[in-house]
Amino acid sequence: MTTAQSPGDLVDLDVQPTPLALLLLGREADPRSERGVECPGDLPSPSDPDLVERARAAKEKLGDKVFVLGHHYQRDEVIQFADVTGDSFKLARDAAARPDAEYIVFCGVHFMAESADILTTDDQKVVLPDLAAGCSMADMATAEQVAECWDVLTEAGIAEQVVPVSYMNSSADIKAFTGKHGGTICTSSNAKRALEWAYDQGGPGATKVLFLPDQHLGRNTAVRDMGFSLDDCVVYNPHKPNGGLTFEQLRDAKMILWRGHCSVHGRFSLESVEDVRARIPGVNVLVHPECKHEVVAAADYVGSTEHIIKTLEAAPAGSKWAIGTELNLVRRLANRFAAEDKEIVFLDKTVCFCSTMNRIDLPHLVWTLESLAEGNLVNQIEVDRETEQFAKLALERMLALP
């Protein structure tokens, strides 16, 4: 029989937890990781009946000095205090449009707060209520791994032909790498335009794209939206020598996909689609393009988070929908449109929240707002000057897309 051990007990057993394990527990720090450190203050109890009133009072005391951003995947208890809601890039731009707000409280994850810091003024302070709120996808591509990949492409003799295109769901380091190497950023809404721009940089047939860090968005955009074949795409695995590819495979490829994925969207399967169609006759399957290619191919509709919301807004009363995206949003949409007799269900029968996004809860938000109201700056997210310069260059290229 075994008993549960606390992290401290591991030392007594002469077993050392790995750095990743500590980060997953929200302990210790890695400045180049999407996951951070344990909370530096005393959180209020989640059972405190006054949490809502405390958050409201602190926010009211701060007034126009604070601007609270809430990503679509956040808990309802947090979303209720957001001044604006949206996807990551929309929220970063919303923050930039409020230069008078001294504090930007980003209820999202680390890479989103970085993007807000890049786009806001030097006088504004971007705050992440829980530094351990990260993104598993963004963690799958580190600056060191991507630099090593570029060395491989150089050795294969194709680096000069490669244009990096990085998904918004990436660290500031990866965005900066993209800017330095002549590439652009994309969102799930404009990925096709970003890829078309990239392929135009070297003329017909002369360009290859290194797509970071989500292989599924890259593959789905290339094959579904641009007419590429699956054979045009190869997957670069940073944990294998030369990415697990031969130089010939790299030279023949049009799309070099980084081996990364979203832990939520990646769990949806073809069986999920088949099961929901069997259970709910006439259901419309609507999924995010971060889903696997076979799921996207089997769906009726595919689109970004904003597209999903707009599609359901325009859907006729009485229609039935199975949604392949994060559960907090799906549940919120189901409640919102219930009065219009729209049946909205989660695509998978297994409940799956974004675990890192869900780290930001009401106690963390209350602690953050009360700290700021007392004049104590906590959990500030800052991107260094050089990284910011090149990351902003990549973002500006995206903003200039036709």
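Predicted model: local features only at pLDDT ≥ 70, side-chain atom pairs only at ≥ 80, totals over all residues.
Biologist: Which way do the side chains of E7 point?

Modeller: Lys-208, Leu-210 and Leu-212 point one way from E7, while Val-209 and Phe-211 point the other way, and all are buried.

Biologist: And which strands pair with E7, in what sense?

Modeller: Strand E5, residues 162-167, is joined to E7 by 5 bridges and runs parallel to it, and strand E9, residues 255-258, pairs with E7 over 3 bridges, also in the parallel sense. To place these on the residues, Ser-166 has Leu-212 of E7 as its bridge partner, and Val-209 has Met-255 of E9.

Biologist: What joins Leu-212 and Pro-213?

Modeller: A cis peptide bond joins them, with omega at about -20 degrees, and Pro-213 is found in the loop between E7 and helix H11, residues 215-225. As background, most peptide bonds are trans, and most residues other than glycine have a negative phi.

Biologist: On phi then, which residues have a positive value although they are not glycines?

Modeller: Asn-242 has a positive phi of about 55 degrees, and Asn-379 has one of about 50 degrees. Asn-242 has its place in the loop between strand E8, residues 233-236, and helix H12, residues 247-252, whereas Asn-379 lies in the loop between H17 and H18.

Biologist: Is Asn-379 buried or exposed?

Modeller: Asn-379 counts as buried, because its relative accessibility is 8% and the cut-off for buried is under 20%. Asn-242, with a relative accessible area of 32%, is partly exposed.

Biologist: Let's move to H18. How far apart are its end C-alpha atoms?

Modeller: They are 20 Å apart, which agrees with the 21 Å that the 15 residues of helix H18, residues 385-399, should span at 1.5 Å a residue. At the start of H18, a side-chain oxygen of Asp-384 reaches to within 3.3 Å of the backbone nitrogen of Glu-386.

Biologist: Which residues of H18 are buried?

Modeller: The buried residues of H18 are Thr-387, Glu-388, Ala-391, Ala-394, Leu-395 and Met-398. They cover an arc of only 130 degrees around the axis, which puts them on the same side of H18. In general, an α-helix has 3.6 residues a turn, so residues three or four places apart point the same way.

Biologist: What do those buried residues pack against, and what does the face turned away from them carry?

Modeller: The buried residues of H18 pack against helix H5 (88-96), helix H6 (110-119), helix H9 (172-180) and strand E6 (184-186), while the face turned away from the buried side carries the exposed residues Arg-385 and Gln-389.

Biologist: New topic: in what order do the 4 strands of the open sheet come?

Modeller: The order is E2-E1-E3-E4, and the pairing is parallel. Strand E2 (84-86) and strand E4 (125-127) stand at the edges, each with a single partner strand, so one side of each is left without a neighbour in the sheet. Neighbouring strands of this sheet are turned against each other by 25 degrees on average, direction ignored.

Biologist: How many bridges are there between E3 and E4, and which helix packs on the sheet?

Modeller: Strand E3, residues 103-107, pairs with E4 over 3 bridges in the parallel sense, and Tyr-103 has Lys-125 of E4 as its bridge partner. Helix H17, residues 362-373, packs on the sheet and touches strand E1 (66-71), E3 and E4, its direction making about 175 degrees with that of E3.

Note on methods
Residues numbered from 1 in each chain as written. Heavy atoms only, no water. Helix = DSSP H or I, 4+ residues; strand = E, 2+ residues; numbered from the N terminus. Expected span 1.5 Å × (residues − 1). Buried < 20%, exposed > 50% of the residue type's maximum accessible area, 1.4 Å probe, protein only. Arc of directions from axis to C-beta. Contact = heavy atoms within 4.5 Å. Polar contact = N/O pair within 3.5 Å; in protein donor to acceptor, adjacent residues only side chain to side chain. Pairing = 2+ DSSP bridges. Axes fitted to C-alpha atoms, helices over the stretch in contact; angles between N-to-C directions.
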